[in-house]
Amino acid sequence: MDVPEERSSASGLRARTLTVSPASRARSTTWRPVVPVAGGASRGRKLYSPAALKDPGDRETLRERAAHGFQVRIATRPAAAGGRHHRPADHDPHRPGAPATAAHGPPHLHPERLTALIGGTHALFEAAWESAADLNAALGSRRPRIDDRTAEVLRTLGSGATDEAAARELGMSLRPYRRRVAELLDGSDASSRFRAGVRAGEPGPGRSQAWYARSADGVELPARPGAAGEAPGRPHAKARPGAAGEAPGRPHVKARSRGQNLSASPATVPRMTNTKRSVTGTAPLLGTRALNRATLDRQLLLRPARLSVAAAVEHLLGLQAQNVKPPYYALAARVDGFTPEALSQPMADREVVRIVTMRSTIHTHTADDCLTLRPLVQPARDRELVAFRAGLEGVDLDRLAGIARDLVEAEPRTMKQLREALLREWPDADPQSLAVAARCRLPLVQVTPRGLWGRSGQVSLTTAEHWLGRPAEPAPAPDAVVLRYLAAFGPASVKDMQAWAGMTRLRDAFERLRPQLITFRDDTGVELFDLPDAPRPDPDTPAPPRFLPEFDNLLLSHADRTRVVPPEHRGRSWKGNMAYCTLLVDGFLAGLWRLESDALVIEPFDRLTRSQRDDVIAEGERMLRVMHPRSSYDIRFGAVRT
């Protein structure tokens with residue numbers, strides 16, 4: 001048997017030709033007869049990979065070869081290891097022996113080894129030939145089905161698993177896995193690895209998986225014949241009993257991978273066992289602008305909301321309140337007819353309070369949310385306390401919580417006073433750790449006048465139950481809070497909500513709610529959940545400029561903040577631990593602002609158009625009238641501080 005010879009057609013279509021000498025054929029007993037072409041001349045069989053259909057010139061060359069008597073088929077699986085998609089294997093028993101490419105001719109093999117080698121090579125070719133599609137069928141087909149191994153590789157691409165994890169899961173070495181992936185992408189029009197995997201999961205009538213190896217003019221591969229005992233076109237996969245809302249016998253594959261669940265709906269997408277993600281090509285895409293406009297609408301930033309302050313604070317699930325003024329500016333940007341007194345008075349009346357909740361930061365909440373959301377995040381506070389255990393050696397935390405409660409309910413205490421009192425009980429403990437333990441174990445609110453507009457006061461603490469005169473509520477089910485989060489910040493992924501809440505393990509709540517939610521995918525394929533009737537405005541909906549305070553939750557409540565923060569401006573609204581007040585233009589972070597003694601200073605990141613500049617000035621004037629009606633300020637533009 002001669003070594004393979006690389007040759008090229010005029011169109012550039014390359015072939016790897018396997019040439020068998022007459023003597024070798026005589027020794028082999030495994031050959032099947034070659035079907036003769038019209039006129040009795042037999043030209044042989046040619047097997048090409050799907051990528052041979054991508055170039056119009058190559059397709060024409062294939063047609064010419066078929067017209068000249070060759071049997072031409074297109075493989076439905078990638079080329080064997082060592083080959084490439086555009087190098088098909090030919091079996092041409094009537095072609096004269098090709099010249100050897102080695103300098104001293106082909107290697108000499110023992111006749112028995114040579115016979116075994118020929119037989120094995122022929123068996124491989126025959127297996128590929130039997131599963132391949134006729135050229136005419138390939139050129140006219142609409143949707144292919146894929147072999148089992150390819151289906152598994154494609155699903156790992158869609159799952160987002162690393163190459164190492166995917167190869168380990170499939171029992172493959174890393175290099176063969178990567179070679180298979182490269183072959184699949186080379187034969188596909190998918191724009192990325194993930195898109196290739198997603199496309200493989202697109203459902204269709206009578207199909208469980210489809211692989212589009214589509215050329216520029218729409219040529220696709222045909223379905224391969226179904227394997228024995230296998231429904232035509234169904235990739236082999238183990239099935240488990242169907243869960244609620246899930247069709248029984250759904251194919252599964254393990255995937256040890258990071259990231260988000262990417263499924264569209266339980267009725268159409270295979271779930272992945274032992275993982276928190278699945279893929280789909282059918283979930284509607286929400287681009288960045290669509291996500292931006294939907295989030296702005298939920299955040300009451302597209303138009304002033306005609307809500308009471310209490311209703312707005314409740315809808316927004318609280319307002320970040322590291323400092324006293326941010327909640328006031330946040331509401332000024334959102335609520336029609338807002339005045340600072342509209343928040344200050346309810347706070348004085350104990351209808352809203354300041355308390356540490358989400359992300360272990362101070363928020364302004366309604367009294368009801370204070371008594372329910374604080375218990376919800378208690379596990380996060382317990383985890384926070386672990387970092388301080390070294391300074392709490394020998395401290396009974398239950399006893400500490402009891403003593404601290406008695407102290408602050410007898411009289412509101414500053415953190416310094418509370419720390420000194422606890423230190424008398426545990427003199428060997430770290431003072432800061434004692435104070436943190438009290439804050440983490442108890443729902444401590446900041447009492448007024450702290451937080452009132454135009455008033456000053458140091459931070460004094462008491463328990464929420466004592467301040468509000470009623471006991472705390474049981475922690476709400478995470479499911480209910482998921483729905484409220486989506487109403488205020490959606491569409492959103494599981495990781496988005498976890499970033500907002502500072503909590504983990506919320507996947508189960510989303511999965512329980514899946515039947516009553518709808519799903520989308522963002523530009524990176526991450527699955528986004530949403531309420532069916534929630535507003536999702538047109539991406540071209542106008543978004544007026546907005547002046548937001550430091551620590552506004554719009555910029556802090558998603559794991560992926562690109563829906564509001566352009567990648568080129570990431571990190572520009574912070575310096576160390578200090579956050580700046582931010583400016584939105586066209587719905588996105590576009591600059592910073594600050595209020596000096598006599599002027600509102602606006603610092604755009606990029607040059608504004610005349611129209612944008614005029615709109616920013618108008619919004620700045622409106623904000624100043626709302627927040628400082630008795631003061632006079634100039635408006636000027638400056639350079640961004642570095």
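**Helix packing, cavities and pockets in the predicted model**

The axes of helix 14 (residues 378–386) and helix 17 (residues 431–441) come within 9 Å of each other and cross at roughly 165°. Because angles over 145 degrees count as roughly antiparallel, helix 14 and helix 17 are therefore roughly antiparallel to each other, and the crossing that helix 14 and helix 17 form is left-handed. These values, like those that follow, were computed from a predicted model.

The structure holds 4 cavities of 30 Å³ or more, and the second largest cavity has a volume of about 70 Å³. This second largest cavity is lined by 13 residues, of which L319, Q320, A330, D552 and N553 are the closest to its centre. Two elements, strand 9 (319–320) and helix 11 (326–332), are those that give two or more residues to the lining of the second largest cavity. At the level of domains, at least three residues of this lining are drawn from each of domain 3 (288–479) and domain 4 (491–637). By class, the lining of the second largest cavity comprises 7 nonpolar, 4 polar and 2 charged residues.

When the lining of the second largest pocket is sorted by class, 12 residues are nonpolar, 6 are polar and 6 are charged.

Technical notes: Residues numbered from 1 in each chain as written. Predicted model: local features only at pLDDT ≥ 70, side-chain atom pairs only at ≥ 80, totals over all residues. Heavy atoms only, no water. 1 Å grid on protein atoms, 1.4 Å probe; cavity = no way out; pocket = protein on both sides within 12 Å on 5 of 7 lines; lining within 4 Å. Points joined across faces, edges and corners; volume = space filled by probe spheres on them. Helix = DSSP H or I, 4+ residues; strand = E, 2+ residues; numbered from the N terminus. Nonpolar A, V, L, I, M, F, W, Y, C, P; charged D, E, K, R; others polar. Domains from an automatic or database assignment. Axes fitted to C-alpha atoms, helices over the stretch in contact; angles between N-to-C directions. Parallel < 35°, antiparallel > 145°, perpendicular 65-115°, else oblique. Left-handed = near helix turned anticlockwise from the far one by under 90°.
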